[in-house]
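Please keep the sequence and the structure in view while reading.

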Amino acid sequence: MSDKARLLLDTAIRLFSERGFWDTPTALIAKEAGVANGTLFNYFGSKTALIEGVYLSLKQDWADHIDAAEITGDTLPERLQECWKRSIEWPVANPDRYILLEQLKQSEDISRGTSMGGANMFAAAMALFAEAGQAGLIRSLPTDLIQATAFGQICATVQHITQSDNPDINAISATSFDMFWRGIAVKPTGVAA
């Protein structure tokens, strides 16, 4: 991605978070980024393309956070739990970006292909679930069901953390993963710390 495209995306993310994505004209994004409005359309052919670009950029930031360091742990459930914890850290540390991402996810402007592309960015995390399936640790479930269930529970956990006073993020994350694991494991024993 070019520096100018990255600048336009970063500017759009900031303005969409402040004003809402439909209340932010492309002319304002271009002006704030220091480029001509026509230049924006050289990189993003329409406002919908820009919105989808923002969506994918936010998803990539989240996936990059999860993948930033090697997942360690003695057992596969422990490695999954570490991945789960990282999945919660990004939205808690980036609440404006997370809220915008959740709004965009509900938008009619995010095509099915773009949504699937965003989900595919979490392939490394899903590979751990595939490994757990091959090892016979989890029930035979469709991958998209596991991913949707995990994502829903992570979002609920983030909401709980962000609405709590002085939450113990590590403890809440561990409990949340334990609840999820008990739902998919063949032998549902607890793994929370």
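This is a predicted model: local features need pLDDT of at least 70, side-chain atom pairs count only at pLDDT 80 or more; totals for chains, interfaces and linings use all residues.

Buried residues, meaning those under 20% relative accessible area with a 1.4 Å probe and protein chains only, make up 40% of the 193 residues in the protein chain. Residues are numbered from 1 along each chain as its sequence is written, and side-chain values use heavy atoms, with hydrogens and water left out.

The secondary structure consists of 10 helices and zero strands; helices (H or I, at least four residues) and strands (E, at least two) are DSSP runs, numbered from the N terminus. The C-alpha trace spans about 60 × 35 × 30 Å along its principal axes. Of the contacts (heavy atoms within 4.5 Å) with a separation of 6 or more, 67% are between residues 24 or more positions apart.

Helix 5 covers residues 76–93. From its first C-alpha to its last it reaches 26 Å, close to the 26 Å expected at 1.5 Å a residue, where the expected span is 1.5 Å times one less than the number of residues. Its buried residues include L76, L80, W84, I88 and W90, and also R79 and R86. Among the elements that cover the buried residues of helix 5 are helix 4 (47–67), helix 8 (123–134) and helix 10 (169–184).

The structure holds nine salt bridges, each a side-chain nitrogen of Lys or Arg within 4 Å of a carboxyl oxygen of Asp or Glu. Side chains of opposite charge can pair when their charged atoms come close. One such network links R14, E18 and E32. R14 and E18 meet at 3.8 Å, N to O; they are four residues apart in helix 1 (residues 3–19), and so about one helical turn separates them. An α-helix has 3.6 residues a turn, so residues three or four places apart point the same way. R14 is partly exposed at 35% relative accessible area, and E18 is exposed at 53%. R14 also forms a salt bridge with E32, with the closest N and O atoms 3.0 Å apart. That pair links distant parts of the chain, as R14 is in helix 1 and E32 in helix 2 (residues 26–33), 18 residues apart.

Which residue forms a salt bridge with R182? The partner is D178, and the closest N and O atoms are 2.9 Å apart. Both belong to helix 10, four residues apart. R182 is partly exposed at 42% relative accessibility, whereas D178 is buried at 12%.

How values were computed
Buried means under 20% relative accessible area, exposed over 50%, partly exposed in between (1.4 Å probe, protein chains only).
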